[in-house]
Amino acid sequence: MNIFEHYLSEIKKTILSEKDFLKLEVIDNLQGINLEIPPEQFNFDLSCNIAMVLGKKNNINPKTLALKLKEIFIANINNFSEIDIAGPGFLNIKLSKSALVNNINEILNNKAYGSTKSNETYNIEFVSANPTGPMHVGHCRGAIYGDVLANLLMFNGNKVTKEFYINDYGGQIRNFVESIYFRIVEIKYKKEFPKKENLYPGLYIKDIAEKIIKGNEKIDFSEFERNFEFIKKESLKHSMELIKNDLKLMGIVHDNFFSETEIVNQDLVNKAVKKLKEKNFVEEGFLQPPKGETNVNWKKIKKLIFKSTMFGDDTDRALQKNDGSWTYFANDVAYHMDKVNRNYKNLINILGADHTGYIKRITAAVAALSNNKIKLNCKVCQLVKLYKNGEPFKMSKRAGEFILAEDLLHEVTKDQLRFMMLNRSNDVELDFDFDKVKEKTKENPVFYVQYAFARINSLLRTLNINLFSNVILDENKVNFNEIEEKICRKVFEWPKIIESVSRKFDLHKIPFYLYELSTLLHYYWSKGNEDTNYKFIQNGKLKRKETLLIINLVALVIQNGMKILGVSLPKKM
């Protein structure tokens, strides 16, 4: 249940029925009116801006209108027990005790509390690392962001495909395969690994070479070109096993793996270009030299060009290189045509920090291929800076150049990694401090949220009560204290958080909200140690039923939130 939507609907119905009494000539479908949680200094449950919105439209003093609104709301909306006028005309509203109890019970009867209940299809492509070795830290943030976004969309009732695009074609793959070939030759024929540019130096290259030799002892590997396709196939198989294992350690499993090689084998680029030509979105012509490119280095060569400026891009884009072969962008257009043809209503790409400039062109391509019917939403995850003992974290010897995902997971748990990778907005750089995420203090958000849930379970074990057991309260006798009212208001806010995050994909709001909610629970717990009036248990029994209702609320929201984040909730800590 979203109480903001529910009571906003009640307010709007009341306004329409009392339009003449209020002397309102301009309604405009009551647009711009909203309900929020008021600032903490106001001890109220809801705050509405309706007096300012309608006052401005009808040339009525907002405070004068607020007085009339207060009168009709108290008379017509049973669940409003008290209304105060604040500032320029805000209506601060307190719900009746019966309304609080009824709202809480409705929430507890809905285990998917917060879900927006939509039913659309999504394809989320994320990670899509070059399959040239294990994952490094540069992939981790986007991997976790994509997985959590998929969880959020599924929590809302959508059908989601989590997809990995395997970049297994082109020059980098050839360099990777050649590196493994030279390691095979080094191991099998005792020839020194060459000091050649573009070869991969990591020790994992040697591990893959040993695996290929072990299963194929009788093969003569003395010639590279003759064995290229076989070594490529085996190398990619073992490399993808490394990547899938790294992802699994982070709690991530993809539904679909799409190979770039298949684009070439199925001639998808020609098919995509043909489709765009038929729509008159591709032409043969010349492009201006790239910014910063000197005329000496640039050649004016006729090539196929996608008219991406027709769809909001800054410039049209080449589909061919100077030698006539397809650009990487052309392959990507073909891949996205395949996704469009699979009839997803929504496409989402999670990109690394170095792909920001790529967004407009591929968004334009999807718009052209789908006749503007399918929207591609690209989210960029910025860099992660790792610190340990106050110093930058050292690179891995096994990787050669990068910090491996495996190294991260030797330092912290999956739960700590997932929660903290989402603790800041994806579009800003993230400082990841290993020491901080291991602390068992308030300064460690993931610990503090897990500890709140463990404390709730500890209380229930003491009372021999199951989580979410029915609590029957007499509405006439119920009496929430001021901390319980604050917790209620925070819980009521959860659907608004989910709605906002689902609209903007700003996932960091979820761990931030869970931390705030957990802080309220810990404050309430500690208050009982200072003041007996706030103790949960007295003489081995639950002191007040209201307390049980409140902790059930907190537990439900923490469960739903941490399930979206893919973070576990231990019952004991």
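The notes below take the helix and then the salt bridges.

**Entry 1: helix α10**

I worked from a predicted model throughout. I began with helix α10, which runs over residues 268-278, and asked which of its residues are buried. The buried residues are Leu-268, Val-269, Ala-272, Val-273 and Leu-276. I then looked up why they belong to one side of α10: their arc around the axis spans only 130 degrees, and this places them on the same side of the helix. The general rule is that an α-helix has 3.6 residues a turn, so residues three or four places apart point the same way.

Turning to the other side of α10, I found Lys-274 and Glu-278 exposed.

I next looked up what covers the buried residues of α10. The cover includes the strands β7 (256-259), β8 (282-285) and β9 (303-306). It also includes the helices α9 (260-265), α11 (328-341) and α12 (359-369). I also noted the backbone just after α10, where Asn-280 has a positive phi of about 65 degrees.

**Entry 2: salt bridges**

Side chains of opposite charge can pair when their charged atoms come close. I counted 29 salt bridges, taking a Lys or Arg side-chain nitrogen within 4 Å of an Asp or Glu carboxyl oxygen as the criterion. I looked at several of them individually.

What do the side chains of Asp-314 and Lys-360 form? They meet in a salt bridge, at 3.0 Å from N to O. Asp-314 sits in the loop between β9 and β10 (317-318) and Lys-360 in helix α12, so this pair ties together parts 46 residues apart in sequence. Asp-314 is exposed, at 59% relative accessibility, whereas Lys-360 is partly exposed, at 41%.

I then examined Lys-388 and Glu-411, whose side chains meet in a salt bridge at 2.9 Å, N to O. Lys-388 belongs to strand β13 (residues 384-388) and Glu-411 to helix α13 (residues 405-411), so the bridge ties together parts 23 residues apart in sequence. Is Glu-411 buried or exposed? Its relative accessible area is 18%, and buried means under 20%, so Glu-411 counts as buried. Lys-388, at 26% relative accessibility, is partly exposed.

I also recorded the salt bridge of Asp-220 with Arg-226, in which the closest N and O atoms are 3.3 Å apart. Asp-220 is partly exposed, with a relative accessible area of 39%.

Finally, I noted a network of salt bridges that links Asp-45, Glu-485 and Arg-489.

Conventions
Residues numbered from 1 in each chain as written. Predicted model: local features only at pLDDT ≥ 70, side-chain atom pairs only at ≥ 80, totals over all residues. Heavy atoms only, no water. Buried < 20%, exposed > 50% of the residue type's maximum accessible area, 1.4 Å probe, protein only. Helix = DSSP H or I, 4+ residues; strand = E, 2+ residues; numbered from the N terminus. Arc of directions from axis to C-beta. Contact = heavy atoms within 4.5 Å.
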